[in-house]
Amino acid sequence: MAAPKRENQTVSQSPQKRTKKVHNQHQNNFISHIDGVSSNPNRSGNLPDDILDRIFSFLPIKQAVEIGVLSPRFKKSWLFNRKILFDREFSRHHDREEYIHIVNHVFNSHVGSRIQSLSLCFDPTAKEHMIERWLKICAEKGIEELDLDFFQGRDVFKISQFLDIKSLTTLKLVYCEVDLPPQLTGLSFLTTLILKRVDLNIKTMETLFFHCLLLETVDLWQCSNIQHLKVCARSLKRFKVLKVRHCIEILSIDIDAPTLRSIYYIGNVVKFQFAEVLHLDEVLLNFSPSRCFAKASLVENLVSDLSYANVLTTTSAFLEGLTTRIRDGAFRDLQFRLWNLKEFQLFMEGTSYCNLFDIASFLKNCPSLEKLFLDLNDFSFDCGFYWELHQKQLLQYFPHFFTSLKFIKVRGFKFQKHELELVRFLLGKAVFLETLVLVTPRTGRIRIYEPADAINYKRLIFSWRASPKTNIVLLDHYHDKGPVQPKVSQFG
């Protein structure tokens, strides 16, 4: 029997080729209409060239050049382009000399009155004067977004003398040295600052916070030469987001920012000092594991400043700093309350000694908690003798109930003994729980193949419910695509 004919031969192509072909078809159709091929006189084919050139000027330059190739009518539209984006993806397809030649040609040929965005990614060694000329052109044409990614450079690129640009709203620097003058004249409209692998100092940060009064977001990533970060933003009325990631030399962070609403920190446990308790919307604290008692005391001091946070994402290292131990000469719990916390996401780490009782002790201090996300993907509970002899019994007679908790998701659930004990405890204490979702590990080593397995697990877990209305869902990790997901999805 002959094989049935295919109505669409593209099904035999690879997904990448099919996607590219569909993209080209859409682009050709778009060009056909704007180039006047359409017979409808009211379609965009009748738009004047100056209006179409203005429309194309807002496209990234690569797309603007492609349109010029497809339609001779617009072959010079790229000369007016406002988004000169030669990022990492572009640099991967060109060697250094070719890359520089292309960028230089674009700037020499550009005749538009505005440049909105510039993105560069190459080794800037011995090309400082050329970069200075490009930035001067951008400054004259009112550039708003500047992204200089010089991670390929042999030496750190000194950018300070090129930043006297008043129109900038977004600035991203990678592998640069920033040393701003005390009397900064540029950057007065800056709203977003992203610094990665940048040499910083206290004076530079003070200058930025003092002069950039419209700042909304500061993101520091792998920055060096700064041990004490001072966020002096009391005079800033729009400052909302602070991100500090993998800045290993930082020892303390002082925050004086009444309008701050989101804090994202990844790195070693450091000293946080707040000028006042803030009403934070989101807090992410990814602390590296530490066995140092002094580090635990830093966590104790920090938790009181998070009393009015709405969403908290953290690691087991944070809970270890709050665990029951000798305080002021007595073995006791730490007294704190997270009054506004609605969502808590906890990533358990492989080297942690945090156990079920530590989790329960933390949850009892969150009276408004509605959503709980636990990630056990790279973790197995090793509770030890103290748990077996003392804490296990305390958990069995735990007096607190989680009356606000409505949703629980446990990722990386391996059906191990202590994991089942944790689920049993949560189901018994969350008396108004609506949904419990258990997701198998992303490694794929544990999967629910047979429907009978799911039925047996559900029958066991259903018997632990305090509320008969609780819905229990068992999922393989690749099916974990439900509508309820944590607000902070990226953790690394």
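Student: Where is aspartate 382 found?
Tutor: In the loop between strand E19 (371-375) and helix H11 (384-396). Helices (H or I, at least four residues) and strands (E, at least two) are DSSP runs, numbered from the N terminus. The model is predicted: local features need pLDDT of at least 70, side-chain atom pairs count only at pLDDT 80 or more, and totals for chains, interfaces and linings use all residues. Residues are numbered from 1 along each chain as its sequence is written, and side-chain values use heavy atoms, with hydrogens and water left out.

Student: Is aspartate 382 buried or exposed?
Tutor: Exposed, with a relative accessible area of 65%. Buried means under 20%, exposed over 50%, partly exposed in between (1.4 Å probe, protein chains only).

Student: How far apart are aspartate 382 and asparagine 355?
Tutor: They are 27 residues apart in sequence and 7.5 Å apart in space, C-alpha to C-alpha.

Student: What does asparagine 355 cap?
Tutor: The N-terminal end of H10. A side-chain oxygen of asparagine 355 lies 3.0 Å from the backbone nitrogen of phenylalanine 357.

Student: And why is H10 largely enclosed?
Tutor: Eight of the eight residues of H10 (residues 356-363) are buried, so the rest of the structure largely encloses this helix. Among them are Leu356, Asp358 and Phe362.

Student: New topic. How do H5 and H6 cross?
Tutor: The axes of H5 (residues 96-109) and H6 (residues 128-140) come within 11 Å and cross at roughly 35°. Axes are lines fitted to C-alpha atoms, for helices over the stretch in contact, and angles run from 0 to 180 degrees between N-to-C directions.

Student: Which residues make the contact?
Tutor: From H5, Ile100, Val103, Asn104, Phe107 and Asn108. From H6, Met130, Arg133, Trp134, Ile137 and Cys138. Contact means heavy atoms within 4.5 Å.

Student: Now strands. How many residues of E7 are buried?
Tutor: Four of the five in E7 (residues 192-196), so-called mostly covered.

Student: Which strands does E7 join?
Tutor: Five bridges join E5 (residues 170-174) to E7, running parallel. Five bridges also join E7 to E8 (residues 217-221), again parallel. Threonine 170 stands opposite threonine 192, and isoleucine 194 opposite aspartate 219.

Student: What is the order of the open sheet of three strands?
Tutor: E9-E11-E13, with parallel pairing. Two strands pair if DSSP finds at least two bridges between them. E9 (228-232) and E13 (271-274) stand at the edges, each with a single partner strand, so one side of each has no neighbour in the sheet.

Definitions and conventions: A polar contact is a pair of N or O atoms within 3.5 Å; within protein, one must be able to donate a hydrogen and the other to accept it, and residues adjacent in sequence count only if both atoms are side-chain atoms.
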